[in-house]
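I opened this notebook to keep track of what I looked up, going from the whole chain down to single residues. The structure comes first, and my entries follow.

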Amino acid sequence: MLHIKTFVFNPYQENTYLIYDDAKNCIVIDPGMHNYQEENQLKDYIDSNGLKPVHLINTHGHIDHVLGNKFVAENLWVDPTIS
């Protein structure tokens, strides 16, 4: 079964999604974190649920959707894909 966790980040109120399965593999979609608190909120959720990030997907390249790409790539070890 798939599970979806939604976060609302940055002053634009952008939606960031984690989609994960029962095997704990997860996809990060549109990481819009723009400060340490938001970065920690995403990482803490991933860590506390034992999730393994396997993909980072950007639905498009607007600034509010890509603010957290660097953090995800450097701290969760997945590179972005624009679909």
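This is a predicted model: local features need pLDDT of at least 70, side-chain atom pairs count only at pLDDT 80 or more; totals for chains, interfaces and linings use all residues.

Entry 1, surface. Residues are numbered from 1 along each chain as its sequence is written, and side-chain values use heavy atoms, with hydrogens and water left out.

I looked up the elements and found three helices and five strands, running β-β-β-α-β-α-α-β from the N terminus; helices (H or I, at least four residues) and strands (E, at least two) are DSSP runs, numbered from the N terminus. The C-alpha trace spans about 30 × 25 × 20 Å along its principal axes. Buried residues make up 37% of the 83 residues, where buried means under 20% relative accessible area, exposed over 50%, and partly exposed in between (1.4 Å probe, protein chains only).

Which strand holds Asn58? I found Asn58 in strand β4, residues 52-58, and it counts as buried because its relative accessible area is 1%. Its side chain has a polar contact of 2.9 Å with the side chain of Asn69, and a polar atom of the Asn58 side chain lies 3.3 Å from the backbone oxygen of His65. A polar contact is a pair of N or O atoms within 3.5 Å; within protein, one must be able to donate a hydrogen and the other to accept it, and residues adjacent in sequence count only if both atoms are side-chain atoms.

Entry 4, the loop between β1 and β2. Is Pro11 buried or exposed? Pro11, placed in the loop between β1 (3-9) and β2 (14-20), is exposed because its relative accessible area is 65%. Asn10 is found in the loop between β1 and β2 as well, but at 3% relative accessibility Asn10 counts as buried.

Lys24, in the loop between β2 and β3 (25-29), has a positive phi near 75° and is partly exposed, with a relative accessible area of 35%. Most residues other than glycine have a negative phi.
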